[in-house]
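Welcome! Let us take a friendly walk through a protein model and see how some of its side chains meet.

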Amino acid sequence: MSRIRRGYEDRFRALLRQARARRLEQGVQWLVTKARHLSARDDISLADALAQVYEGLATRKAFQKAASAPASIQFLCDAGLGGLARWLRAAGYEAAWEPGIDDDRLLQEAQSIPATLLTTDAMLMERRVLRDRIIPVFWLPPTLSITEQLALVLREFGLSVRGPRCMSCGGELRRGSKEALRERIPPRTYRWLDEFFVCSRCDKLFWHGTHWQRIVETLTALKRCHSRGAAEV
């Protein structure tokens with residue numbers, strides 16, 4: 001729990017900086033205390049209480065970023081965020097991920113790409129290059145589902161859902177000729193679909209089957225929630 005608390009403390013600190021709060025550390029501790037009281041009052045875990053306090057603060061206009069992230073933003077996900085990397089690619093964004101990557105190499109990669117680091121590791125946030133924001137970083141609570149992680153990243157960086165990229169490597173998808181790709185398309189799929197796409201980076205073949213429809217439905221729901229949240233602010 002101490003790691004999760006420290007992670008939320010960092011998020012509270014970032015929100016208070018955004019709002020130009022004068023007493024930063026006092027504000028952070030007040031929010032943590034508020035979460036403890038909420039946890040005791042509603043008989044919920046401290047992690048859930050911290051999440052509620054954070055959500056209540058992050059959705060208020062004064063604590064939202066004035067400008068959205070640049071269209072060319074790239075993300076680097078830590079070893080435990082492979083699912084988020086795939087969904088970010090489906091939402092149209094570059095997201096690098098390598099299973100089993102150690103912390104030192106992760107930070108080196110973030111600097112060399114360069115990319116915004118996404119992590120659930122509160123201990124990693126104590127590294128100087130992250131603490132001092134030499135490498136841009138965003139901490140995600142480890143208790144969130146993958147779709148909740150995606151929604152949080154989209155909201156935090158002011159991103160909209162765009163045309164998908166390759167979910168395997170993040171490369172750009174280009175429409176391919178059905179006839180030219182005939183040898184690579186399963187016979188049944190060839191008979192009932194006409195649109196096919198090829199990744200410009202790894203050459204993987206894609207088509208809009210039932211799996212893709214489920215992905216689209218999830219992204220569409222997130223987009224509606226994002227738009228509704230913006231309208232309510």
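Rings of Phe, Tyr and Trp count as an aromatic pair if their centres lie within 6.5 Å. Please keep in mind that this is a predicted model. With that cut-off, a search of the whole structure turns up seven aromatic pairs.

**Aromatic rings**

A pair of aromatic rings is described by the distance of the centres and the angle of the planes. Take Phe 138 and Phe 157: their ring centres are 5.8 Å apart and their planes make an angle of 75 degrees, an edge-to-face arrangement. This pair links distant parts of the chain, since the two residues are 19 residues apart. Phe 138 belongs to strand 4 (residues 137-139), while Phe 157 is found in the loop between helix 7 (146-156) and strand 5.

Which residues form one aromatic cluster? Look for Tyr 8, Phe 12, Tyr 54 and Trp 139, which come together in one such group.

**Salt bridges**

Now for charged side chains. Side chains of opposite charge can pair when their charged atoms come close. The whole structure holds 17 salt bridges, and the table shows some of them.

| Salt bridge | Closest N to O distance |
|---|---|
| Glu 25 and Arg 13 | 2.9 Å |
| Arg 105 and Glu 98 | 2.6 Å |

Start with Glu 25 and Arg 13, which form a salt bridge. Glu 25 is partly exposed, with a relative accessible area of 40%, whereas Arg 13 is buried at 16%.

Next comes the pair of Arg 105 and Glu 98. Arg 105 is partly exposed at 36% relative accessibility, and Glu 98 is partly exposed at 33%.

Lys 178 is buried, with 18% relative accessibility, but Asp 194 is exposed, with 59%. Salt bridges can also share partners: Glu 94, Arg 165 and Arg 201 are joined in this way into one network.

Lys 178 has another contact to show you. Its charged end sits over the ring of Tyr 190, at 4.5 Å from the ring centre.

**A look around Asp 102**

Finally, find Asp 102 in the loop between strand 2 (94-97) and helix 5 (103-112). Asp 102 is partly exposed, its relative accessible area being 47%. Which backbone atom lies 2.8 Å from a polar atom of the Asp 102 side chain? The backbone nitrogen of Arg 105 does, and Arg 105 is the residue that also forms a salt bridge with Glu 98. Asp 102 and Asp 78 are 24 residues apart along the chain, and their C-alpha atoms are separated by 8.7 Å.

Conventions
Residues numbered from 1 in each chain as written. Predicted model: local features only at pLDDT ≥ 70, side-chain atom pairs only at ≥ 80, totals over all residues. Heavy atoms only, no water. Salt bridge = Lys/Arg side-chain N within 4 Å of Asp/Glu carboxyl O. Buried < 20%, exposed > 50% of the residue type's maximum accessible area, 1.4 Å probe, protein only. Helix = DSSP H or I, 4+ residues; strand = E, 2+ residues; numbered from the N terminus. Polar contact = N/O pair within 3.5 Å; in protein donor to acceptor, adjacent residues only side chain to side chain. Phe/Tyr/Trp six-rings, centres within 6.5 Å; stacked < 30°, edge-to-face > 60°. Lys NZ or Arg CZ within 6 Å of the ring centre and 35° of its normal.
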